[in-house]
Every structure is written in C-alpha cells, then in structure tokens.
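Biologist: I have a chain open on my screen and would like to walk through it with you. Shall we take it by question and answer?

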Amino acid sequence: MRRFIICLFFILAFNISDAQNKNRHFTPERFQAELEQYITRKAGLSPKEASEFFPLYSEMLRKQRSIHDELKKLKRIKPTTDAECKKNLMKRDKCEIEIKQLQKTYHEKFMQILPAGKVYDIVKAEDRFHRQIFKRAADKMRHKKK
C-alpha cells in the first residue's frame with residue numbers, strides 16, 4: 001500500500017510539473033484571452049460592453065496583423081542601391097501610416113459603442129499589458145542567461 005501511495009504521488013507530481021511547463025509556452029489563444037481579461041478588468045467593461053467591443057477589437061487586430069506582416073517582410077529586405085533603399089523606406093512609412101489610420105478609424109468605431117473615457121482606458125490598458133508581457137519575457141531571458 002505504501003508503494004502504491006508513493007507511486008501515485010510521483011505520477012501526480014510529474015503531471016503537475018508537466019502541466020506547468022505547458023502553460024509557460026506561448027499560445028496566441030492564451031495571449032488573446034489574457035489580453036481581453038486584462039482590458040475588461042482595467043477598463044471596467046461590463047459583460048454587455050465586452051461582448052460588443054471585443055469582436056470589433058479582434059477585427060482591428062487582424063487588419064493590423066496583416067499590415068505588420070507586410071512591414072516585417074520589408075524589414076527583412078536589404079536593398080543594395082539608393083533607389084531601392086528609398087523605395088523600401090517609403091513602403092515602410094506607408095505601412096506605419098496605415099496602422100495609425102486604422103487605429104484612428106477603430107477608435108472612432110469604439111466610441112460609437114462605448115464612452116470615450118472607457119476607450120481611453122482600453123488603449124492605456126492595452127499598452128500596459130504589452131509592456132508587462134515584454135518585461136516578463138525580458139526577465140525570463142535574464143534568468144536563462146544566469
């Protein structure tokens with residue numbers, strides 16, 4: 001009986017540590033869920049407000065992601081001539097302006113369904129969330145180097 005309990009203990013301990021290791025890996029779904037929870041809490045969104053806001057917010061993020069993908073491609077290119085450099089820079093500038101215009105458009109859409117104060121709190125919360133994520137990642141990298 002004692003061996004059985006010891007074996008059971010080790011199996012449970014292994015399963016718990018394995019589950020914790022899985023939680024440490026990045027998944028877009030978990031990231032999105034944490035972001036939504038954080039924004040909901042920090043901006044004080046009601047369930048009704050959240051249900052109206054997040055589909056529109058997700059739509060904005062999808063559009064931003066496609067522009068960011070294009071920007072990443074442009075950043076990987078190493079132009080060899082001044083003319084190519086100028087063309088690449090102009091395309092990069094255009095992408096960054098598109099992102100800002102998209103944000104402006106969606107901020108206006110958000111204010112049609114939420115008060116401006118809550119939209120402001122959402123923007124602040126999103127910025128804080130991303131800073132925390134980057135800080136957490138940087139801390140993990142520092143700990144790995146030790």
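**Reading the chain**

Modeller: Asn88 touches Leu74, Ile77 and Pro79, leaving aside residues up to four places away in sequence. Keep in mind that this is a predicted model.

Biologist: Is Asn88 buried or exposed?

Modeller: Find Asn88 in helix H4. Its relative accessibility is 8%. The cut-off for buried is under 20%. Because 8% falls under that cut-off, Asn88 counts as buried.

Biologist: Which elements make up the chain, from the N terminus on?

Modeller: The chain has 5 helices and 0 strands. Read from the N terminus, the order is α-α-α-α-α.

Biologist: Where in the chain is confidence lowest?

Modeller: The chain averages a pLDDT of 86, and 83% of the residues score at least 70. Confidence is highest in H4, at a mean of 97. Where pLDDT is low, the predicted coordinates should not be read in detail. The lowest mean, 51, belongs to helix H1 (residues 2-24).

Biologist: What reach is expected for helix H3 at 1.5 Å a residue?

Modeller: H3 covers residues 47-76, which is 30 residues. From its first C-alpha to its last it reaches 42 Å. That is close to the expected 44 Å.

Biologist: At which residue does H3 bend?

Modeller: The bend is about 30 degrees. A proline, Pro55, follows within four residues of the bend. The residue at the bend is Phe53.

Biologist: Which helices do the buried residues of H4 pack against?

Modeller: H4 has 32 residues and reaches 47 Å, close to the expected 46 Å. Among its buried residues are Asn88, Ile99, Leu102 and Phe110. These buried residues of H4 pack against H3 and H5.

Biologist: How many Å separate the C-alpha atoms of Lys91 and Leu74?

Modeller: Lys91 also sits in helix H4. With a relative accessible area of 39%, Lys91 is partly exposed. Lys91 and Leu74 are 17 residues apart in sequence. In space, their C-alpha atoms are separated by 7.7 Å.

Biologist: How far apart are the C-alpha atoms of Ile39 and Ile122?

Modeller: Ile39 lies in helix H2. At 0% relative accessibility, Ile39 counts as buried. Its contacts include Phe53, Tyr57, Ile122 and Ala125. Ile39 and Ile122 are 83 residues apart along the chain, yet their C-alpha atoms are separated by 5.8 Å.

Biologist: How many disulfides does a search of the whole structure find?

Modeller: Consider two cysteines. Cys85 is partly exposed, at 27% relative accessibility. Cys95 is buried, at 6%. For disulfides, the search of the whole structure gives 0.

Biologist: What share of the residues counts as buried?

Modeller: The chain exposes about 11,500 Å², and carbon and sulfur atoms supply 60% of that area. The chain has 146 residues. The share that counts as buried is 22%.

Definitions and conventions. Residues are numbered from 1 along each chain as its sequence is written. This is a predicted model: local features need pLDDT of at least 70, side-chain atom pairs count only at pLDDT 80 or more; totals for chains, interfaces and linings use all residues. Side-chain values use heavy atoms; hydrogens and water are left out. Helices (H or I, at least four residues) and strands (E, at least two) are DSSP runs, numbered from the N terminus. Buried means under 20% relative accessible area, exposed over 50%, partly exposed in between (1.4 Å probe, protein chains only). Accessible areas come from the Shrake-Rupley method with a 1.4 Å probe; for residues, only the protein chains shown count as cover. A disulfide is a pair of cysteine sulfur atoms within 2.5 Å. The expected span of a helix is 1.5 Å times one less than its number of residues. The bend at a residue is the angle between axes fitted to the seven residues ending there and the seven starting there. pLDDT is the predictor's confidence in each residue, from 0 to 100. Contact means heavy atoms within 4.5 Å.
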